[in-house]
Amino acid sequence: MSDIALTINDTEVKAKEGMTILEAAQSASINIPTLCHHEKLIPYGACRLCTVEIIRDRRSRLVTSCVYTVEDGLIVKTESEPVVKIRKMLLELIWAIAPGAQSIREYATKYGINRTKFEIEPTFCILCGRCVRYCAEIKKKNAIGFIGRGIERRVMFFPDIAAEECPKCGECFPLCPTGVLPSNYAIAQMPYFTWEGKKYFI
Amino acid sequence: MPRLNSAADLERLRQEILAQRDPNKPCVTICSGTGCHAYGSEKVAEAFIKEIQRNGLQEKVDIRRTGCHGFCERGTIVVIFPEEICYLRVKPEDIPEIISKTLEGKLVDRLLYEDGTGQKVVHEGEIPFYKHQSRIVFGSNRFIDPKNINDYIARGGYSALAKVLFMAPEQVLEEVKRANLRGRGGGGFPAGIKWEATRNAPGEIKYVIVNADEGDPGAYMDRSLLEGNPHSVLEGLIIGAYTIGSHQGFIYVRQEYPLAVENLAVALEQAREYRLLGTNILGSGFDFDVQVHRGAGAFVSGESSALMTALEGRVGEPRPKYIRTAVSGIWQRPSNLNNVETWATVPLIINNGADWFTSIGTEGSKGTKIFSLVGKVNNTGLVEVPMGMTLKEVVFDIGGGIPKGKKFKGVQTGGPSGGVIPEGLLDTPIDFDELTKVGSMMGSGGMIVMDEDTCMVDVARYFLNFLAEESCGKCIPCREGIYQMLKILNRIGAGDGRTGDIEQLEEIGEVVRDASLCALGTTAPNPVLSTIRYFRDEYEAHIKHKRCPAGVCKELIAYYIQPEKCQACLICLRNCPAEAITGGKNLVHTIDQDKCTKCGVCLEVCPPRFDAVVKLSGIALPEPVPPGTEVIRKRGREK
């Protein structure tokens, strides 16, 4: 593992090979906003809030810092104008589906946003996939997953697995950036019959 | 079938096939591509068989069902060789006449192509639609029965493979790189460089993939190539595999393409029997086989990383590609993916050389490109043109211009993620970089022509609606951004547009473009941004004046019967499905706007000599005439 030197916001940062820009920044106490990243999980790149500007060979490019691995001599700007423009728009878009969520409020305040120009149509879930990935990658249970595509996409507990696994686990609940997951789970408590010690779902 | 153990065996087989075939023996070829199939080509083929038997000509005439000829507008297409007599719009009932006239050495005039001046064209190649094309990739379709590998071999098929297998892979790679073959699937990435990356990537196991997940609305180039000439794609794939050092290939084809799936299966089976697939291909020691994977109908699976995820058996969702799929693709192994057309071009480059290939096209884009020319154009179908040909030549020389004497308005290239190019830029050459410069893209080859009756807000809305449904929903800018843009477009189309909507569309569009995870998202705003760029006045008319200049957006138009022109013929009144028209004999007809569903039937059925129904947009409706108003009879029609 060789050390890699890169510059983040004019500060020289040392990183290990294979680290992502986000990890390198965090190690140097530089905060990059993110909603879908979690240190235990495989980088996913869905919320796009961690987008940063990089300059390589004097050419500027926008990349996702949670998946982009560090390179020697890389120049990273985490709060440049195009980056902030993207974050502001994303926060307004997220606000419309998850109003009131604490994590989103905090980021919004940081970027001077106190409202959204979009109509509020709450699902309270931003589909960051932390719960789904945690259950699949760490617990290897797949009690929760995505259904649907595009705007119809939802997170769903699969009742047959969830009824067995979730009551004794619940480790994904605190990972939810909007806090909607426990109520989502409560809704998913499907009625079932018990017959000779086995559960049958209707 | 004999096993081919060497290049010499293949050549011997080819000579045998040719020896059995008399080039002067009449052969009726019937286009059996998807377009002609829908017109009933199978019935035409059966009628030919029956009629030929009835005349006792079985021994004297060959019948061949071929792949798509391209001129889908005029199907079913029948070409009689060796003279190459081309009959269009052939119906089963025409067959007895075709046979009897052909026996007499005469032509069936009414089935020949007629140019605008009444002049008949006999030979396929002389029809203007074909004359301006260079069909190097697609042209073989019309000679080949896709279910018979011998047809392909007879035309020199697999000779490029035979050549390659006894070359060093580096040499093959050099040739493909020198040809500067750019990916035909949309991205335009140089295939040679991609091959090299996969070849040099660490790892023993490598994969090659054919991307046949063609999903653009109105586009069917890859479909017709796979259906009509599957071996050309397969030969290209084996050549690529040999060059890269891969022993396993995948063909990812849409389940919605049943004929392509069927013909591919037959092709693979026949290739295996000749041992053109399998172990020790042509005695070279090279092993390779292919598996067909049928897609489940997701547009996003055409994106390379999503396609590979789907191949692994998971939901087709893209992943960030900072480590390229060429290095880490299926099961994290180096995987080289190219589009159907790219693979089919490879054998041609090998056989004719990179110099031949680079002599066609422009500085940055070499060779030819197949487009599916559709929309408001006289000759719809598949066209293959050299790079550098202008859009004008494609739309007017090949496409024959706009039907019904309407005015050209724009041409949409690049599928749902492309842009609309206006009349002023019709001299833009077909070239990867030039099309991007004008705000559109080459894409996989969709080309939709639009006339003056097309509303650009409606077009943007249509494509965005498609993308909102087809976005996988993984990343926020694509999922939520497209949805919010679509909502704005919907309200503009409904007459509820607000000042600032255009700017907001641009603002969201730029973020979706810059922040989305995969190419579906980064290109999704193109239809909106390009129409705003070239047709901003149309957006403004919708927002400020609540007027749809093309008369398309239903909420912004009204049908109106001009009382001074109405002759009380009762035709519109009887045809109105909503029973919204009142009036009677000798009484002026009026439309009840509350009941009207704006289907436009009244305008269609009003006799042109009266021309009383008009479509109004953006202006207040005149006061309706009081019920019982009698019509003013036109002069000359009074008794």
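**Getting to know chain B**

Reply: Chain B of this predicted model has a mean pLDDT of 92, and 99% of its residues reach 70 or more.

Me: Where in chain B is confidence lowest, and where is it highest?

Reply: The general idea first: where pLDDT is low, the predicted coordinates should not be read in detail. In chain B, the lowest confidence falls in strand S17 (residues 581-584), with a mean of 90. The highest is in helix H11 (residues 230-244), at 97. For the model as a whole, ipTM is 0.91 and pTM is 0.91.

Me: OK, how is chain B divided into domains?

Reply: Let's go along the chain. Domain 1 covers 24-81 + 85-122, and domain 2 covers 143-358. Then come domain 3 (368-451), domain 4 (456-544) and domain 5 (557-617).

Me: Let's pick one helix. Is H14 of chain B mostly covered or mostly uncovered?

Reply: For burial, you count how many other C-beta atoms lie within 10 Å of a residue's own; 20 or more makes it buried. Helix H14 of chain B (residues 340-352) is mostly covered, with 11 of its 13 residues buried. Among them are Trp343(B), Pro347(B) and Ile350(B). Look just past the end of H14(B) too: Gly353(B) has a positive phi of about 90° there.

Me: Now a sheet. What is the strand order in the open sheet of 5 strands?

Reply: Read across it in chain B as S12-S11-S15-S13-S14, with mixed pairing. At the edges sit strand S12 (381-386) and strand S14 (419-422) of chain B, each pairing on one side only. Ignoring direction, neighbouring strands in this sheet are turned by 30° against each other on average.

Me: In what sense do S11 and S12 of chain B pair?

Reply: Strand S11 (residues 368-375) of chain B pairs with S12(B) in the antiparallel sense, over 6 bridges.

Me: Last one: how many residues of chain B are in contact with chain A?

Reply: In general, the size of an interface is often given as the accessible area lost when the parts come together. Here we can count residues instead: 23 from chain B are in contact with 26 from chain A. On the chain B side, the elements giving two or more residues are helix H18 (456-470), helix H19 (476-493) and helix H20 (501-515). H19(B) provides the largest share, 7 residues. By type, this side of chain B has 13 nonpolar, 4 polar and 6 charged residues.

Terms used:
Residues numbered from 1 in each chain as written. Chains lettered and ligands numbered in written order. Predicted model: local features only at pLDDT ≥ 70, side-chain atom pairs only at ≥ 80, totals over all residues. Domains from an automatic or database assignment. Buried ≥ 20, exposed ≤ 12 C-beta atoms within 10 Å, placed from the backbone. Helix = DSSP H or I, 4+ residues; strand = E, 2+ residues; numbered from the N terminus. Pairing = 2+ DSSP bridges. Axes fitted to C-alpha atoms, helices over the stretch in contact; angles between N-to-C directions. pLDDT = per-residue confidence, 0-100. Contact = placed C-beta atoms within 7 Å. Nonpolar A, V, L, I, M, F, W, Y, C, P; charged D, E, K, R; others polar.
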